[in-house]
Amino acid sequence: MEDTERSGEKAFSNGDVYVGNFNGVLPHGNGKYTWSDGTVYEGDWENGKMTGKGNMIWLSGARYEGDFSGGYLHGFGTLTGSDGSIYRGAWRMNIVHGVGKKQYCNSEIYEGQWKEGAHDGSGKYTWNSGNMYIGSWKAGKMCGRGVMRWANGDLFDGLWLNGFRHGNGIYRYADGGYYFGTWSQDLKDGKGIFYPAGSKHPYLMKCCSSRDYDKEGKNLLSSSSLNSEGKAQTSIVKRSLSEKISVGGFLKSSSRISHGATLLKQNFRTSSSSRNFLCHDPSCTLSNTIEGGQYVSQDSDSLVYEREYMQGVLIKERIRKYTELSKKCKEPNSFHTDKAKKASCIDIFEGRRSHYLRLNLQLGIRYTVGKITPVPVREVRSSDFGDRARIRMYFPRKGSQFTPPHDSIDFYWKDYCPMVFRNLREMFKLDAAEYMMSICGDDGLRELSSPGKSGSIFYLSHDDRFVIKTLKRPELKAMLKMLPNYYRHVGEHENTLITKFFGLHRIKLRGGRKVRFVVMGNMFYTELRIHRRYDLKGSTHGRITKKDKISQHTTLKDLDLTYEFHMDKLLRQSLFKQIKLDCMFLESQQIIDYSLLVGLHFRAPEQLKSFEPPDTRHTLETLLANDGENLQAELPIPPNGLRLVTHEPSSVSTAPGPHIRGRTLKAFSLGDKEVDVLLPGTGRLRVQLGVNMPAQAQRKLCLVEEDSSEVELFEVYDVVLFMGIIDILQEYNVKKKLEHAYKSTQFDPMSISVVEPHLYASRFTKFLERIFPDLP
């Protein structure tokens, strides 16, 4: 066979010139190609395409040296830009992708993982000002767990979203003070604990000393990572990201790039999991370590400051001794462990069984929705509510003709009234594919840390759109009995406040144990932070929460509520019209013990956002010492936290979710027009019944003198309300009648929760009318 490889020079009609080796008429081997615009490539070729090692120089002065494949920058290489920036790392088809380091023309440096040309994954960014961030990135923005160190010595270790501090975190001031709390869109938002400079708390001394944060970003502390039960875990990033991805290390050779990226991911995830970091109660962050016996406090009388912020504005502060704070955290922590397990009374939720249960639930829902969705849409028939309206399937671990193999345990699946719930999902405007992805996607379900009073277990979908709750057998029977009338009620009243149900299922495990589930919409599915949660029944006996058991995630009760809510006249009319209709329905079904679940999002006036006195750590202490000085006069709160505007469909989000169904409400203050609520700095939201409802929260006058160490700066707040009627599966049966008879002899019959349905509905409505007063 004749050898066709040769060397030579070829000039093309468009002005391009190639000098080098050929394979037939195609460049092959080593050669130099000069384009008519002045761009030059010199290196390896394969059948007419740049493949192998090579150098490319553009007319602008930019230069690349490294790997090519199929005519693309692909593999490992160094690009020096015309502006002086330098990138050295991995490429994929002309795009920066993988692990690499870039020094920008302004001397700022990023080293870490890239995806499609943007910072994505674990990485370190150093600004020319001296600020430095090490942590997770997504689409070019700080997102996930990360540590930011400012040039002035301040440091934040916590969660980020779209480049902003968002979620739980620890802020260390340059003078040695620490703040443990939550942030929203880069502003402190919610409850937290401040430890002033000079605190001799041993945990701070050991874990947060300045030596843990050197200028090179080495030995970064991952802070007090807490698991869902509140147990402290301490882990340290032993090496900086710059060490892990140094040029002298695995970036030296393109053959080691993929291995290096894997190491980087594993090391960062192991040392700083944001899931472990989340803390339900900042006040317990430090004390848990002490209680574990690892350290002994050196200064039990040191002061700490329990604070609450609203979009960066300090609204409340309480000065406490550390010993009080430590005592406060002991009881809630014991609840999260022993009491939580005891309350569930179902041993299948312990250990790996809980994991299997979630997998079984996802497999079953995926199967059911996939089976029922192709069925042509039709009206629901009476037979769709009957005992035979079930989908049953056996899911063996190894798979079957109808089911896929899986990593869980064998189980039997039953889906109740599938056609009814399919129509309910469509009525609530839920797309079947999105419903499945939300619950059955790779990110899975999250189990909430503490069970309800009934011992039910709650799961939350990864996108927070859906809540899944375990049911007892009587609750399941009540649900099936109510279902035909429930279907009719929600169909006739699109603004109903009653819980939206999307599915009813049962899993039967080996040994005959059965677990029943209901899928519901999350009433607090919103981009806004819910600062307070209240479960309101209208009764008073046992309807107060002990102060030492209150955390920022506690759902409070009737007697904990210190506000009344003033809202637009038409909004209030719409609210109570629907409440009365829903209560009439529940009364007709002989249901009691339901609640109005209310979520409050407080709004700070726009002109006060990010405002904090120059030395806020001492301001309130000084005010307290002034013995009666009017705090309201110090920091007045004009009503500019939100405002109503005329509804514009194109200006508000229409993303699918539990709240997509329901009319936009009209407001009296805007001439009976449909309205949106405008939140400065946040967005514009459609006002619906129970969703995005604006109001003014006014603190009630309290006759009992409050703790003098606690100061609340304002009496009136602009709030956005979220609400719905929950726990609607308790019938007034023989057991409840006996309970009513017994408790009536022990307590005031009007104060107890268990009363007959008509009285319950009447008392419930009257109580709500008092906290939502009708203004003249």
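Me: Cysteine 143 first: buried or exposed?
Reply: Buried; cysteine 143 has 16% relative accessibility, and the cut-off for buried is under 20%. Bear in mind that this is a predicted model.

Me: And cysteine 105, buried or exposed?
Reply: Exposed, because its relative accessible area is 52% and the exposed class begins over 50%.

Me: How many disulfides does the structure hold?
Reply: The count is 0.

Me: What about cysteine 417, where does it lie?
Reply: In the loop between strand E24 (411-416) and helix H8 (418-427). Cysteine 417 is buried, at a relative accessible area of 1%. Its phi is positive, about 45°, although the residue is not a glycine.

Me: Switching to H15. What span does it reach?
Reply: H15 covers residues 757-771 and reaches 21 Å from first C-alpha to last, close to the 21 Å expected for its 15 residues.

Me: Which of its residues are buried?
Reply: Among them are Pro757, Tyr760, Phe764, Phe767 and Ile771.

Me: What do the buried ones pack against?
Reply: Helix H11 (569-588) and strands E30 (532-536), E32 (563-566), E33 (591-592) and E34 (595-603).

Me: What happens at the start of H15?
Reply: A side-chain oxygen of glutamate 756 comes to within 3.0 Å of the backbone nitrogen of histidine 758.

Terms used
Residues are numbered from 1 along each chain as its sequence is written. This is a predicted model: local features need pLDDT of at least 70, side-chain atom pairs count only at pLDDT 80 or more; totals for chains, interfaces and linings use all residues. Side-chain values use heavy atoms; hydrogens and water are left out. Helices (H or I, at least four residues) and strands (E, at least two) are DSSP runs, numbered from the N terminus. The expected span of a helix is 1.5 Å times one less than its number of residues. Buried means under 20% relative accessible area, exposed over 50%, partly exposed in between (1.4 Å probe, protein chains only). Contact means heavy atoms within 4.5 Å. A polar contact is a pair of N or O atoms within 3.5 Å; within protein, one must be able to donate a hydrogen and the other to accept it, and residues adjacent in sequence count only if both atoms are side-chain atoms. A disulfide is a pair of cysteine sulfur atoms within 2.5 Å.
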